[in-house]
Amino acid sequence: MVQQRRRYRVGVLFGGRSSEHEVSLASAKNVMEALRQAGNEITSIGISAEGRWLSQPDAWLRLTAQSQGEPRNPEQESLAARYPSPVLRELLDEQHLPPVDVIFPVLHGPYGEDGTVQGLLEMANLPYVGSGVLGSAVAMDKDVARKLFACHGLPQVRYLTVRRHTWRQAPEAEIDRIEATLPYPLFVKPANLGSSVGVSKARDRRQLQAAIELATRYDSKLLVEAAVPHAREIEVSVLGNDEPEASVAGEIIPANEFYDYNAKYESAGSQLLIPARLDEATMQRVQSLAVQAFQALDCAGLARVDFLVAGDNGGIYLNEVNTMPGFTRISMYPKLWEASGLAYPDLVHRLLELAIERYVERQENSTVR
């Protein structure tokens, strides 16, 4: 006898104050479709690029229109939309929306994937999909994450951290410091962004200066990394809480020189190879490292773990952990699980179960002496 799947009342959060706002809208559209198809009840909660909250049923359409340049109409916005983020529980109560069993924060980048929203949900005592405050925050900050990777002996490229304040005070001295430590070519990236926003490759001093200037537009802390020779971009999806599992690995053949924002979302030339063309030992190695990285950062629910594999000697380097990866039907995270035997609707449902499981476990923590 087949056990009937439980149906949930799910609050889906999307949009957000991030350069990845549009990516969030695309992910949320697919997540909500899958949730509805499975019979779940959806409460859509959008966050505008300015930080205003929209809780109407057509919140996704409103934010999509705004992202395409249509003007915002304040007269048609709810009370919650006119003020910065209220406590979520109060938002749901004041808007007379039905109660939710679990929140699915389909938010990418700062103010959504970095522990800020997770802290709000913890304060409201609501179950939510994905990592908690700590795991979200340290995974978002690539500098802190790399320090934790080093503590766990995980392989990674050589890098330096650059502060915007220091850069603006003494740019030539910072470039001298970088050149004395790392060889060209170099990659420069904001420490707290995803989707390759603000990432550049530099082959000389002039390009390095331009790359740092670009990255400082997005963050006050930057990473400068040594490039991996003939790098292959390998990704693994991880799913679970205390006993996480890894999917088969996939490989990205970028349309551009590297997998930048344009190659991910705007160019049609990039290819996803699933499974990646790896020998069995390398496949097992990246799967094991993905789980280790997930646990090192105290992640929960889901994450996509990205690697660089050197084309000359097969060296494996852990690149980063993304705690809320892109979630469209063509995104790597769900496609890797599909190739591993877990279909998109089943994956989304499993994430709801993991959120409830983690919430129940946390309720065992006493808040009184």
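User: Which residues is S247 in contact with, leaving aside its neighbours within four places in sequence?

Analyst: Happy to list them: V236, S237, Q287, L336, W337 and S340. Contact here means heavy atoms within 4.5 Å. This is a predicted model, where local features need pLDDT of at least 70, side-chain atom pairs count only at pLDDT 80 or more, and totals for chains, interfaces and linings use all residues. Residues are numbered from 1 along each chain as its sequence is written, and side-chain values use heavy atoms, leaving out hydrogens and water.

User: Why is S247 called buried?

Analyst: Buried means under 20% relative accessible area, exposed over 50%, and partly exposed in between, using a 1.4 Å probe and protein chains only. S247 has a relative accessible area of 1%, so it is called buried. In sequence S247 and W337 are 90 residues apart, yet their C-alpha atoms are 5.7 Å apart in space.

User: What makes strand 6 and strand 7 a pair?

Analyst: Two strands pair if DSSP finds at least two bridges between them. Strand 6 (residues 186–190) and strand 7 have three bridges, in the antiparallel sense. Strands are DSSP runs of E, at least two residues, and helices are runs of H or I, at least four, numbered from the N terminus. Across this pairing, F187 stands opposite K201 in strand 7.

User: And what is the order of the open sheet of four strands?

Analyst: The order is 5-8-6-7, with antiparallel pairing. Strand 5 (159–163) and strand 7 (200–202) are the edge strands, as each pairs on one side only.
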